Amino acid sequence: MNTIGFSTKRINGIIVLISSLMMLVVLNLPFKAKPFGDITFHEESKNLALFIKGKIPYDQVVITKAPGPILFYTPAYLIAPANATDDQLWVYGVAFTSIIITISLLLIFRIGSSFFSKEVGFLSVLLFFLFPIHCYYSLGIMAEAPAFFSLTLAIYGWSIALHQPDKKSGWIFLILGMWFLILNRPNTLLLLGVGFLVVFYAFFKNKTFFLSYGKKMMVSFVCVGLLGFGVLQLAKIITGTKSGGNQETLLYYVAHQGRFQFREEPTDFRFWESDIRPDSKDYQNWNKSGGALSAIMDQTHQSYAEVYKKFLIDDALEHPGLFLRQFFVKCFYGHVYFINSVQPNEFDLGPLKGPIGYWAFILLINSINLIIVAGAILFLFREKNLIRYWIFWGVIISLLIFHGLTYMEPRYIFPSRVALYLMSAAGLYRIAWIQKIIQKTTIYIFPIPNSKS
């Protein structure tokens with residue numbers, strides 16, 4: 001095990017300082033994440049906080065989507081005054097999120113140091129500062145930041161359990177992290193399936209791994225499943241009939257969107273909103289299909305789920321080629337970034353202005369992003385003991401499968417960047433010239449043992 005046998009004072013201070021500065025820089029960019037996302041998590045967290053304070057009745061408390069963000073933001077809203085405005089609540093929520101994200105980066109350094117070396121741990125954090133998408137998503141009341149923290153906690157737990165399988169804290173962190181990850185992003189439920197497959201594989205092909213971790217992993221996954229099911233059922237009970245929305249309806253809604261995403265326009269990467277792509281053929285066809293399905297519901301008196309489920313199955317069977325092409329385009333789209341909040345002709349960032357500046361900036365951030373992806377691929381191809389890193393590649397595969405089959409946005413893949421950046425750092429560090437640069441840099445960050453620095 002690569003234990004933390006060195007002083008982390010300097011690196012901790014550097015992470016906190018740079019992370020704070022990066023948050024301020026991103027906060028002042030001319031483009032931003034939506035402050036309240038789709039408003040649902042903000043409104044439901046606010047109502048739960050007001051109910052706990054005794055300011056509103058219970059019948060106004062609902063949890064219509066994933067319960068994780070509600071559990072995440074409600075404590076921050078509880079600290080705010082009962083009469084706080086939405087903008088004031090946003091400040092409390094973002095301040096809390098920024099602290100949690102910074103803690104996540106501190107843990108990411110420790111994960112990289114534990115699995116690989118302090119140099120790789122440093123490079124992992126450096127990659128986040130080179131492409132600070134985590135800061136961007138921290139400035140909105142959304143599921144991305146709590147999901148990011150959840151996966152960080154889970155991988156941190158696995159880093160302990162891998163090296164000290166008899167240490168309970170590792171398994172507890174793994175369970176809590178995976179559990180909260182699923183509460184924030186129920187689509188990551190597939191990670192449990194990947195985990196069970198890893199144990200099954202180890203039973204036949206890697207007895208050493210199975211004997212050390214197999215039974216504990218199985219127990220952990222069962223605990224995560226039971227805890228997740230329990231909270232999701234509690235959310236249903238709390239909501240009851242107070243809202244028409246639920247997880248099943250949402251799933252069919254986004255899957256229906258996905259059947260038209262990149263269908264006839266495989267290179268149209270604009271965001272899926274009416275004010276951004278009103279001229280899009282795929283978007284227009286999606287609207288028409290929704291109207292046709294609503295008419296079927298009225299005529300046949302079938303439920304939303306029945307009608308949409310039949311359409312999704314029939315459409316996939318009738319257009320297998322389109323289905324397959326859409327899947328791979330969505331997987332690519334999940335790893336590239338475009339700015340939709342500002343039109344190219346309105347773009348203004350220092351010397352970068354107008355359409356040329358816009359596309360130059362898009363090229364820059366995606367070049368960095370694709371280098372990070374390439375580093376992870378390099379790691380996966382060169383690492384001979386991939387079973388040790390099952391949670392790294394497992395969460396990426398789980399999210400790509402789910403959103404490749406349904407509907408994709410880059411933010412849905414964002415939580416897996418914890419794993420992506422760690423693998424990328426390990427892969428890039430195998431390149432000689434990068435290794436030399438990092439080694440020379442870290443001489444000034446990690447004091448030599450027994451020195452006074």
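The following legends describe close-up views of a predicted model.

**View 1. The largest nonpolar core and the residues with the most contacts inside it****.** This core comprises 119 residues. Ile-155, Trp-158, Met-217, Trp-390 and Phe-392 have the most contacts within it. Helix α4, spanning residues 86–115, gives the most to this core, with 11 residues. A second, separate core contains 16 residues, including Ala-255, Trp-272, Trp-286 and Phe-311.

**View 2. The surroundings of Met-217****.**

**View 3. The edge-to-face pair of Phe-115 and Phe-392****.** A search of the whole structure finds 46 aromatic pairs. In the pair shown, the ring centres of Phe-115 and Phe-392 are 5.2 Å apart and the ring planes stand at 85°. Because an angle over 60 degrees counts as edge-to-face, the pair is assigned to that class. Phe-115 belongs to helix α4 and Phe-392 to helix α16 (residues 390–405), so the pair links distant parts of the chain, 277 residues apart. Phe-115 is buried, with a relative accessible area of 5%. Phe-392 is also buried, at 1%.

**View 4. The edge-to-face pair of Phe-379 and Tyr-389****.** The rings of Phe-379 and Tyr-389 have centres 5.2 Å apart and planes at 85°. Phe-379 is located in helix α15 (residues 354–382), whereas Tyr-389 is located in the loop between α15 and α16; the pair therefore ties together parts that are 10 residues apart in sequence. Phe-379 counts as buried at 0% relative accessibility, and Tyr-389 counts as buried at 3%.

**View 5. Ser-159 in helix α7****.** Helix α7 covers residues 144–163 and contains Ser-159. Ser-159 has a relative accessibility of 2% and therefore counts as buried. Apart from its neighbours within four places in sequence, Ser-159 is in contact with Ile-111, Ser-114 and Phe-115. Phe-115 is itself buried and forms the edge-to-face pair with Phe-392.

**View 6. An aromatic cluster that includes Phe-262****.** The cluster consists of Phe-262, Phe-269, Phe-332, Tyr-333, Phe-338, Phe-347, Tyr-358, Trp-359 and Phe-361. Phe-262 lies in the loop between α11 (247–258) and α12 (281–300). With 2% relative accessibility, Phe-262 counts as buried. Most residues other than glycine have a negative phi. Phe-262, although not a glycine, has a positive phi of about 60°.

**View 7. The positive phi of Ile-39****.** Ile-39 is found in the loop between α1 (9–27) and α2. Its phi is near 75°, a positive value in a residue other than glycine. Ile-39 counts as partly exposed, at 37% relative accessibility.

**View 8. A nonpolar patch on the surface****.** Phe-51, Ile-52, Tyr-58 and Leu-78 form this patch and together have about 350 Å² of accessible area. Phe-51 is placed in helix α2 (residues 40–52). The relative accessible area of Phe-51 is 31%, and this residue is therefore partly exposed.

Methods: Residues numbered from 1 in each chain as written. Predicted model: local features only at pLDDT ≥ 70, side-chain atom pairs only at ≥ 80, totals over all residues. Heavy atoms only, no water. Patch = residues over 30% accessible without salt bridge, like charges linked within 9 Å, V, L, I, M, F, W, Y side chains within 5 Å. Areas by Shrake-Rupley, 256 points an atom, 1.4 Å probe, with all protein chains shown as cover. Salt bridge = Lys/Arg side-chain N within 4 Å of Asp/Glu carboxyl O. Helix = DSSP H or I, 4+ residues; strand = E, 2+ residues; numbered from the N terminus. Buried < 20%, exposed > 50% of the residue type's maximum accessible area, 1.4 Å probe, protein only. Core = buried A, V, L, I, M, F, W, Y, C linked by side-chain atoms within 4.5 Å. Contact = heavy atoms within 4.5 Å. Phe/Tyr/Trp six-rings, centres within 6.5 Å; stacked < 30°, edge-to-face > 60°.
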